[in-house]
Amino acid sequence: MTSTARPHLNRRLAEFGTTIFAEMSALAVQTGSINLGQGFPDTDGPEEIREAAVRALRDGRGNQYPPGPGVPELRTAIAAHQQRRYALTYDPDTEVLVTAGATEAIAAALLALLEPGDEVIAFEPYYDSYAACIAMAGGTRVPVTLRPDGDSFRLDLDELRAAVTDRTRLLLINTPHNPTGTVLTRAELTAIAELAVERDLLVVTDEVYEHLVFDDAEHLPLATFPGMRDRTVTIGSAGKTFSFTGWKVGWVTGSPSLVSAVRSAKQFLTYVASGPFQYAVAEALALPDSYYEAFRADMRAKRDLLASGLAEAGFGVFRTAGTYFITTDIRPLGESDGFAFCRALPERAGVVAIPNAVFYDHREAGAPFVRFAFCKQTAVLEEAVKRLKALAG
C-alpha cells in the first residue's frame with residue numbers, strides 16, 4: 001500500500017499542509033481571475049512613509065541587525081500610540097517588543113506561554129496560523145464557535161464559559177475578527193475579562209485590524225478592562241493599518257514578565273527583522289488622526305461597494321463591522337459546499353474567494369460560508385462585482 005503521509009513531518013503538524021491561500025492564489029494566476037481571496041492591498045501605503053523607509057536605508061539605519069526588542073524609535077512610537085488611542089501606558093524598554101509581523105507575535109506568545117497539554121480557547125472561525133501555532137507549542141485548541149445571528153456572527157458567552165476547564169491556560173481573542181468581520185462589544189469584552197480574572201487565565205489578543213472598524217462599532221482593547229493589563233498580551237501590526245504587509249512589522253505590548261517571556265521565544269524564531277522598515281513605521285504611527293479617518297472612510301466605501309454587488313449577485317451577505325473581509329452565505333445561490341464553490345468560481349466568474357471552512361475545526365459549521373476581501377482598488381472591485389453578477393443569471 002502506498003502511504004499518502006508526508007514523510008518526516010512531526011505529528012503535531014501532520015494536519016497542516018499547503019495553505020488554502022497558496023492554492024487559491026495559484027488558481028487566480030492560472031485563470032487570470034481577480035483575487036479577492038488573500039487579504040493584502042493592491043496599492044501601497046502613504047508616500048511619506050515609503051520615503052521614510054528609503055531614507056533609513058540610505059542613512060544606514062537598520063541595514064544591520066537592529067536591537068532584539070526593536071529599534072527604540074519604534075518601541076517609543078508604539079507606546080505613544082497605545083497611550084494616545086487607548087490611555088494604556090507601557091514602558092518602551094520593558095513592555096514593548098517588535099516582531100516580524102503579527103504572525104510571529106502569535107507564534108512567539110503561544111510558544112512562550114503554553115506548556116504541553118495546556119488548553120487554548122479560540123473563537124472559530126479563526127485565522128489559520130492559530131491552530132498551527134497552538135500545535136507547535138504542544139497545546140490543545142478548544143474552539144468556541146461564532147454563530148450567525150441575523151446579519152452578523154456573535155459570541156455565545158455561555159458556550160465560552162462552559163469551554164473553560166481546569167486545563168485551560170489561555171484565551172486567544174481576535175477583535176476585530178477575521179474572517180467574520182465581528183467586533184466584540186463592550187458587554188462581551190467585560191464578560192471575557194471577568195471570566196479571565198475569575199479563572200486566572202492568560203489572554204493573547206490579536207488586534208491587527210484595530211483601525212478598521214465601521215459604522216457604530218468601536219475597538220476596545222481587552223487590556224483596558226479591570227484586571228486585564230497584567231494578564232494580556234496585545235498584538236498589533238503595521239501591515240493592515242498602513243498597507244505595507246510585505247514589511248512584516250508587528251508588535252507585542254504587555255507587562256514586563258509577559259513581554260520578557262514572549263521575547264525569550266521570539267529571539268529563536270527570526271531573532272530580528274525589518275530593520276529599516278521599523279524606522280518608517282515609527283513615523284507612520286505618528287500620522288495625524290486625519291490619516292486614520294481617511295483610511296477608514298476609503299475602506300468603508302469599498303466594503304459597501306462589494307457588499308452591494310455580492311447581494312445583487314445572489315449571495316447572503318453578513319455585515320462587516322471591522323477588518324477588510326466580507327463573509328457570505330452561498331446557500332441562496334443553491335450551493336452548500338464552500339470548497340467546491342470557490343474552486344469552481346474562477347472558471348464560472350473570474351473571481352477568487354476563500355472557503356470559510358478552512359478556518360473551522362468543525363468544518364460543517366463553516367461549509368456554506370465564503371470570504372471575500374475588499375482591500376483592493378475601486379476599479380478592481382467594480383470589475384469583480386460585474387463578473388459576479390453573472391451568477392445571478
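I started with helix 1, residues 20-31: its twelve residues reach 16 Å from first C-alpha to last, close to the 16 Å expected at 1.5 Å a residue. The expected span here is 1.5 Å times one less than the number of residues. Helices (H or I, at least four residues) and strands (E, at least two) are DSSP runs, numbered from the N terminus.

Housekeeping before going on: this is a predicted model, where local features need pLDDT of at least 70 and side-chain atom pairs count only at pLDDT 80 or more, while totals for chains, interfaces and linings use all residues. Residues are numbered from 1 along each chain as its sequence is written, and side-chain values use heavy atoms, with hydrogens and water left out.

**Entry 1: the faces of helix 1**

Which residues of helix 1 are buried? I found Ile 20, Phe 21, Met 24, Ser 25, Leu 27 and Ala 28. Seen down the helix axis, the buried residues of helix 1 fall within an arc of 155 degrees, so they line one face; the arc is taken over the directions from the axis to the C-beta atoms. I reminded myself that an α-helix has 3.6 residues a turn, so residues three or four places apart point the same way. On the other side of helix 1, Val 29 and Gln 30 are exposed. My cut-offs are under 20% relative accessible area for buried, over 50% for exposed and partly exposed in between, with a 1.4 Å probe and protein chains only.

I then looked up what covers the buried residues of helix 1, and found helix 5 (128-136), helix 12 (338-349) and strand 15 among the elements.

**Entry 2: just past helix 1**

Gly 32 follows helix 1 and has a positive phi, near 70 degrees. Next I checked Ser 33, in the loop between helix 1 and strand 1. Ser 33 is buried, at 12% relative accessible area. Its side chain makes a polar contact of 2.6 Å with that of Thr 31 (a pair of N or O atoms within 3.5 Å; within protein, one must be able to donate a hydrogen and the other to accept it, and residues adjacent in sequence count only if both atoms are side-chain atoms). Leaving aside neighbours within four places in sequence, Ser 33 is in contact (heavy atoms within 4.5 Å) with residues including Ala 28, Pro 346 and Arg 387.

In what order do the seven strands of the open sheet run? I read 2-10-9-8-7-3-4, with mixed pairing; two strands pair if DSSP finds at least two bridges between them. Strand 2 (96-99) and strand 4 (140-145) stand at the edges with a single partner strand each, so one side of each has no neighbour in the sheet.

Strand 9, residues 232-237, has six of its six residues buried. Strand 9 pairs with strand 8 in the parallel sense over four bridges, and with strand 10 in the antiparallel sense, also over four bridges. Ile 235 stands opposite Val 252 in strand 10, and Leu 97 also stands opposite Val 252.

**Entry 3: strand 12**

Why is strand 12 largely enclosed? Five of its five residues, 325-329, are buried, so the rest of the structure largely encloses strand 12. Phe 325, Thr 327 and Asp 329 point one way, and Ile 326 and Thr 328 the other. Thr 327 stands opposite Arg 371 of strand 15.
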